Amino acid sequence: MNKKILGTLCLILLFAEVLLVIVSWLLSATMMEGVRSLLSSEGIRWLFGSFTSIMASPLLVWLILLLSALGCLQKSGVMMLFGRQPSCSYREKTALRVAMIFLVIYLVIVALLTLSPHAILLSATGELFPSAFSRSLVPIATFGISLFSVAYGMMAGVLKSLSCILEALSSGISKGAPLIIILMVLILLRESLRFVFV
């Protein structure tokens with residue numbers, strides 16, 4: 001996405017938060033029922049005391065994990081491989097086979113943890129949804145993508161050291177940092193709305 005568009009979106013969300021602060025103060029000053037002011041002592045205590053727990057959202061963690069996996073996928077060279085598959089070198093074909101073996105082993109482990117009777121990741125009633133598996137679906141998928149990418153990158157000679165692997169895992173986060181900031185402001189706005197009107 002264009003950084004100018006993301007910057008404009010972030011500015012709009014920040015403006016909406018400031019507008020909410022002013023509107024909540026005005027509505028609470030008129031003694032409107034069911035409205036709390038973000039500028040009251042209660043509102044300020046809520047904002048400062050709850051900020052960390054507000055930001056500790058599963059959505060934020062999922063976004064960071066997805067960005068990390070996508071960055072790793074790109075840096076490992078897998079994305080370029082699928083664009084030119086007929087002209088792959090022997091090393092790239094071998095790396096792809098090894099990465100696929102790692103992915104299959106990973107999927108078998110996940111299947112054993114979810115599909116067998118009395119599996120660990122099932123709910124107490126034996127269901128997949130809702131269960132520990134359904135709550136960890138994004139981390140399971142992103143770890144599988146990262147494992148596949150790292151295995152391919154190491155075998156293909158693209159990721160030659162631990163520092164290269166770390167750089168690959170963090171490259172997507174650095175590229176997607178504007179999305180993280182926008183999500184943080186969006187989460188704050190949503191929770192502020194819930195505080196003011198609930």
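Start by selecting residues 162-175, which make up helix α8: its 14 residues reach 20 Å from the first C-alpha to the last, close to the 20 Å expected at 1.5 Å a residue. That expected span is 1.5 Å times one less than the number of residues in the helix. Helices here (H or I, at least four residues) are DSSP runs, numbered from the N terminus.

Before you go on, know that this is a predicted model: local features need pLDDT of at least 70, side-chain atom pairs count only at pLDDT 80 or more, and totals for chains, interfaces and linings use all residues. Residues are numbered from 1 along each chain as its sequence is written, and side-chain values use heavy atoms, with hydrogens and water left out.

Stay on α8 and click on L169. What is centred there in α8? A kink of about 30 degrees; the bend at a residue is the angle between axes fitted to the seven residues ending there and the seven starting there.

Now colour I165, A168, S171 and G172, which are buried residues of α8. Buried means under 20% relative accessible area, exposed over 50%, and partly exposed in between (1.4 Å probe, protein chains only). To see what covers the buried residues of α8, show α3 (58-75) and α7 (137-156), which are included in that cover.

Next, hop over to helix α9, residues 177-197, and select E191 and R194: they sit 3 residues apart, about one turn of the helix. They form a salt bridge, with the closest N and O atoms 3.2 Å apart. A salt bridge is a side-chain nitrogen of Lys or Arg within 4 Å of a carboxyl oxygen of Asp or Glu.

Is E191 buried or exposed? E191 counts as buried, at 15% relative accessibility. R190 is partly exposed at 39%, and R194 is partly exposed too, at 49%.

For the last stop, select R36 and E42. This pair forms a salt bridge whose closest N and O atoms are 3.1 Å apart. R36 is partly exposed, with a relative accessible area of 29%, and E42 is also partly exposed, at 36%. How many salt bridges does a search of the whole structure find? The search finds 4.

Notes. Helices (H or I, at least four residues) and strands (E, at least two) are DSSP runs, numbered from the N terminus. Contact means heavy atoms within 4.5 Å.
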